[in-house]
Amino acid sequence: MLKLKEKDTNLFYLASGFANEEPVYYTFQQIAANVGPGWSDILEDLCVKLLHLGWNGGYEQIKEKFGTLRFYWINNLSGIKGDIAYDCVEVAEWRSGMYCEMCGNLARQREGGWVLTLCPECAVKRGYPINKYEKEELLLKGKITPETEVVLRPENA
Ligand SMILES: [Zn+2]
């Protein structure tokens, strides 16, 4: 995964939608705080790629929705660079659906009111359902005990 050289630099700005307003600039840490820490690497890798292509750092919203990263950026690129950038965003959003938003471990999307992408361990911590195989694995690894309260997914879900 690619890393930003200067995370503390105000490289990113929130597009207000009003052309006459001064944009508000943010550091990587500030924009990364819009999603869970488990997706920080995916987001950083994406930002490095887009900045390398010539992105000016403008965005409208960065958030989690239905268990995946949503990256609404201002496309100031044209031609092939714009096409590549769109693909980079798509790949990052797709990858986020396979990694725990809380810890970055391999994960799956889970229904628990709000759809979240969580590894089995983080799912248990947040009261989200896991299946019986995930429960067995957590028990074997000593991540939970038989006394741990676990929400089990219905057999065929
Ligand atoms: Zn996790």
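Helix α2 and helix α3 meet through a set of side-by-side residues: Ile42, Leu46, Lys49, Leu50 and Leu53 on α2 are in contact with Lys81, Ile84, Ala85, Cys88, Val89, Ala92, Arg95 and Ser96 on α3. By class, that contact has nine nonpolar, one polar and three charged residues. Keep in mind that this is a predicted model, with a mean pLDDT of 93 for the protein chain.

**The α2–α3 pair**

- Helix α2 covers residues 40–53 and helix α3 covers residues 79–96, and their axes come within 10 Å of each other.
- The two axes cross at roughly 180°, which means that α2 is roughly antiparallel to α3.

- Phenylalanine 71 belongs to strand β4.
- Is phenylalanine 71 buried or exposed? It counts as buried, because 24 C-beta neighbours lie inside 10 Å, and the cut-off for buried is 20 or more.
- Beyond its neighbours within four places in sequence, phenylalanine 71 is in contact with Leu46, Ile62, Val89, Ala92 and Glu93.
- Tyrosine 59 is 12 residues away from phenylalanine 71 along the chain, and their C-alpha atoms are separated by 7.9 Å.

**Phenylalanine 66, in a loop**

- Phenylalanine 66 sits in the loop between β3 (58–65) and β4 (68–73).
- If you are checking backbone torsions, note that phi of phenylalanine 66 is near 50°, a positive value in a residue other than glycine.
- Phenylalanine 66 counts as exposed because it has 11 C-beta neighbours inside 10 Å, where 12 or fewer is the cut-off.

- Methionine 98 is in the loop between α3 and β5 (108–110).
- Methionine 98 is partly exposed because 13 other C-beta atoms lie within 10 Å.
- Which residues does methionine 98 contact, leaving aside its neighbours within four places in sequence? They are Leu106 and Ala107.
- Glycine 67 is 31 residues from methionine 98 in sequence, yet the C-alpha to C-alpha distance is 9.5 Å.

**Two domains**

- The protein chain is divided into domain 1 (12–96) and domain 2 (104–157).
- The C-alpha centres of the two domains are 30 Å apart.
- How many residues of each domain are in contact with the other? Six residues of domain 1 are in contact with five residues of domain 2.
- On the side of domain 1 that touches domain 2, the classes are one nonpolar, four polar and one charged.

**The whole chain**

- Five helices and six strands make up the secondary structure of the protein chain.
- Along the sequence, the elements follow the pattern β-β-α-α-β-β-α-β-β-α-α.
- The C-alpha atoms fill a box of roughly 60 × 30 × 30 Å along the principal axes.
- Of the 157 residues in the protein chain, 28% are buried.
- Among contacts with a separation of 6 or more, 41% are between residues 24 or more positions apart.

**Confidence**

- A pLDDT of 70 or more is reached by 97% of the residues in the protein chain.
- Where is confidence lowest, and where is it highest? It is lowest in strand β2 (residues 24–26), at a mean of 91, and highest in strand β6 (residues 116–118), at 98.

Definitions and conventions
Residues numbered from 1 in each chain as written. Predicted model: local features only at pLDDT ≥ 70, side-chain atom pairs only at ≥ 80, totals over all residues. pLDDT = per-residue confidence, 0-100. Helix = DSSP H or I, 4+ residues; strand = E, 2+ residues; numbered from the N terminus. Axes fitted to C-alpha atoms, helices over the stretch in contact; angles between N-to-C directions. Parallel < 35°, antiparallel > 145°, perpendicular 65-115°, else oblique. Contact = placed C-beta atoms within 7 Å. Nonpolar A, V, L, I, M, F, W, Y, C, P; charged D, E, K, R; others polar. Domains from an automatic or database assignment.
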